[in-house]
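This report goes through the fold, the annotated span and a handful of individual residues of one protein chain. The sequence and structure come first.

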Amino acid sequence: MEQQVWAQHGAVTTMQQDPRPLVRAALDRARRIVGGVRSEHLAAPTPCPEFDVRTLIGHLAATLERSAAIGSGGDPRTVPEFLTSENDDWPAVLDAAADRYWQVWEDDALLDKPVTAPWGTFPGRVAMFMELDELLVHGWDIAVATAQEADADPALAEATLGIMKITLPESPREGFPFGPPVTPAPDAGPTERLVNWVGRASAPWSGRRG
């Protein structure tokens, strides 16, 4: 059923570009944001109510590990929901997860090879596009929670929003790990419209952006 949903919304047949340059750009942004997190930020709340800043960074790193498991044919459910760090060296945790991610996803053959995630089976490039969304949206989450600049490069955010409107239907969203879309503010930029599309209410956090 979930695989049929992806096909019905064009993800399998229309997204032919190589996602890796976009993922690299989003990962570079996430590294900068995580590098800007200070120790006093780590217990602060985030737009993900179940995570404070510390656990959200750990969760973001875990999404890279889970995506690596998907690409290598493993079970992503064996990867913890969030990674931990004994000394709160979160840039190092993210870098290590990114290294393992690229050990899998540098392989050109994976772009069109079917891979299986908990929410369906689809070409590998679709899994990479989903990781792109994770990096940008959770990067925004961490940035607004720590009063950093939250907006991604407009071209990167616009490209990701366009992709997510193909891969993630407006409704129904059963079987997808996203809430219903939020109506953007009239002056919302592409990053804010992206987080709204995947279910984030950005207005409560807008005053905390750097």
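Gln 148 counts as buried at 15% relative accessibility. Buried means under 20% relative accessible area, exposed means over 50%, and partly exposed covers the values in between, with a 1.4 Å probe and protein chains only. The model is a predicted one, in which local features need pLDDT of at least 70 and side-chain atom pairs count only at pLDDT 80 or more, while totals for chains, interfaces and linings use all residues. Residues are numbered from 1 along each chain as its sequence is written, and side-chain values use heavy atoms, with hydrogens and water left out.

Gln 148 sits in the loop between helix 6 and helix 7. Along the chain, Gln 148 and Ile 33 are 115 residues apart, yet their C-alpha atoms are separated by 7.3 Å. Ala 147 lies in the loop between helix 6 (124-145) and helix 7. The phi angle of Ala 147 is positive, near 60°, in a residue other than glycine.

## Overall fold

The protein has eight helices and two strands. Helices (H or I, at least four residues) and strands (E, at least two) are DSSP runs, numbered from the N terminus. Read from the N terminus, the order of elements is α-α-α-α-α-β-β-α-α-α. The radius of gyration is 16 Å, close to the 17 Å that the globule rule gives for 210 residues, so the protein is as compact as a globular protein of that length. Here the radius is taken over C-alpha atoms, and the rule is 2.2 Å times the number of residues to the power 0.38.

Along the principal axes, the C-alpha atoms fill a box of roughly 45 × 40 × 30 Å. Of the 210 residues, 51% count as buried. Among contacts between residues at least 6 apart in sequence, 69% join residues at least 24 apart; a contact means heavy atoms within 4.5 Å.

The accessible surface comes to about 9,500 Å², and 52% of it belongs to carbon and sulfur atoms. These areas come from the Shrake-Rupley method with a 1.4 Å probe. The protein carries 18 positive and 30 negative charges, whose mean positions are 1 Å apart. Lys and Arg count as positive and Asp and Glu as negative, without His and the chain ends.

## The annotated span

An unreviewed UniProt entry annotates residues 23-143 as "domain: Mycothiol-dependent maleylpyruvate isomerase metal-binding". Such annotations may be inferred rather than shown by experiment. In the model, this span is 56% helix and 7% strand, and its end C-alpha atoms lie 18 Å apart.

## Two buried residues

Pro 19 is in the loop between helix 2 (11-14) and helix 3 (20-35). With a relative accessible area of 0%, Pro 19 is buried. Leaving aside residues up to four places away in sequence, Pro 19 touches Leu 111, Arg 125, Met 128 and Phe 129.

Arg 200 belongs to the segment after helix 8 (190-197). Arg 200 is also buried, with a relative accessible area of 15%. Its contacts, not counting residues up to four places away in sequence, include Pro 47, Cys 48, His 138, Trp 140 and Asp 141.

## Backbone geometry

Most residues other than glycine have a negative phi, and most peptide bonds are trans. Asp 88, which is not a glycine, has a positive phi of about 55°. Asp 88 is located in the loop between helix 4 (53-71) and helix 5 (90-105), and Asp 88 is partly exposed at a relative accessible area of 29%.

Ser 171 and Pro 172 are joined by a cis peptide bond with omega of about -5°. Pro 172 lies in the loop between helix 7 (154-167) and helix 8.

## Separations in sequence and in space

| Pair | Separation in sequence | Distance in space |
|---|---|---|
| Pro 19 and Leu 60 | 41 residues | 18 Å |
| Ala 25 and Ala 69 | 44 residues | 21 Å |

Ala 25 is in helix 3 and is partly exposed at 33% relative accessibility. Gly 189 lies in the loop between helix 7 and helix 8, and Gly 189 is partly exposed, with a relative accessible area of 26%.

How values were computed. The place of a charge is taken as NZ of Lys, CZ of Arg, CG of Asp or CD of Glu.
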